[in-house]
Amino acid sequence: KCVQVSKAGPGSIAEASIAGLPTLVSGFLPGQERGNVQYVIDKGFGEFEKRPDRIASTIVQWMQDPEKMKIMSQMATAAGTMHAGATRQIAREVASYLD
């Protein structure tokens with residue numbers, strides 16, 4: 001049972017989703033990361049909490065609910081598949097300039 005707790009950085013969210021990790025977003029940079037919080041919630045693989053006591057209680061609730069963890073992991077993996085595909089596309093584009 002693994003989860004990720006982090007701010008809403010795009011790299012952190014992409015890595016968590018590629019790894020299939022339920023994600024608890026604990027903060028975000030105003031403006032540029034705000035939409036990332038909603039992305040995690042809308043894609044069904046996480047929630048937002050900024051208070052340490054609520055972060056802890058949310059993680060405990062998740063860990064005590066194997067079905068919720070399974071569903072959130074599946075949702076993260078589904079979102080991560082898109083990120084992994086984009087990463088491969090970028091690599092192909094970069095490689096095409098090296099020929």
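1. Buried side of helix α4. In this predicted model, the buried residues of α4 are Met69, Met72, Ala76, Ala79, Gly80, His83 and Ala84.

2. Length of helix α4. The helix runs over residues 66–98, which makes 33 residues. From its first C-alpha to its last it reaches 47 Å, close to the 48 Å expected at 1.5 Å a residue.

3. Thr77. This residue is also in helix α4, but Thr77 is partly exposed, with a relative accessible area of 38%. Thr77 and Ala19 are 58 residues apart in sequence, yet their C-alpha atoms are 6.7 Å apart in space. Not counting residues up to four places away in sequence, Thr77 touches Ser17 and Gly20.

4. The nonpolar patch. Ile90, Val94 and Leu98 form a nonpolar patch on the surface. Together these residues have about 330 Å² of accessible area. Leu98 has its place in helix α4 and counts as exposed, because its relative accessibility is 70% and the cut-off for exposed is over 50%.

5. Gln4. Strand β1 (residues 4–7) contains Gln4. Is Gln4 buried or exposed? Gln4 is buried, because its relative accessible area of 16% falls under the 20% cut-off. The side chain of Gln4 makes a polar contact of 3.1 Å with the side chain of Ser6. A polar atom of the Gln4 side chain also lies 3.1 Å from the backbone oxygen of Ser12. Leaving aside neighbours within four places in sequence, the residues in contact with Gln4 are Ser12, Ile13, Ala16, Leu21, Pro22, Thr23 and Leu24.

6. Salt bridges in general. How many salt bridges does the structure hold? There are 3 salt bridges. Side chains of opposite charge can pair when their charged atoms come close. The pairs are taken one by one below.

7. Glu33 and Lys7. The side chains of these residues meet in a salt bridge with an N to O distance of 2.5 Å. The pair links distant parts of the chain, 26 residues apart: Glu33 is in the loop between β2 (23–27) and α2, and Lys7 is in strand β1. Glu33 counts as buried at 4% relative accessibility, whereas Lys7 counts as partly exposed at 40%.

8. Glu47 and Lys68. A salt bridge joins the side chains of Glu47 and Lys68, at 3.6 Å from N to O. Glu47 lies in strand β3 and Lys68 in helix α4, so the pair ties together parts that are 21 residues apart in sequence. Glu47 is partly exposed, with a relative accessible area of 27%. Lys68 counts as partly exposed too, at 30% relative accessibility.

9. Arg51 and Asp53. The side chains of Arg51 and Asp53 meet in a salt bridge at 2.7 Å, N to O. Arg51 counts as partly exposed at 40% relative accessibility, and Asp53 is partly exposed with a relative accessible area of 45%.

Terms used
Residues are numbered from 1 along each chain as its sequence is written. This is a predicted model: local features need pLDDT of at least 70, side-chain atom pairs count only at pLDDT 80 or more; totals for chains, interfaces and linings use all residues. Side-chain values use heavy atoms; hydrogens and water are left out. Helices (H or I, at least four residues) and strands (E, at least two) are DSSP runs, numbered from the N terminus. The expected span of a helix is 1.5 Å times one less than its number of residues. Buried means under 20% relative accessible area, exposed over 50%, partly exposed in between (1.4 Å probe, protein chains only). A polar contact is a pair of N or O atoms within 3.5 Å; within protein, one must be able to donate a hydrogen and the other to accept it, and residues adjacent in sequence count only if both atoms are side-chain atoms. Contact means heavy atoms within 4.5 Å. A salt bridge is a side-chain nitrogen of Lys or Arg within 4 Å of a carboxyl oxygen of Asp or Glu. Patches are made of residues with over 30% relative accessible area and no salt bridge: like charges are joined within 9 Å, nonpolar side chains (Val, Leu, Ile, Met, Phe, Trp, Tyr) within 5 Å. Accessible areas come from the Shrake-Rupley method with a 1.4 Å probe; for residues, only the protein chains shown count as cover.
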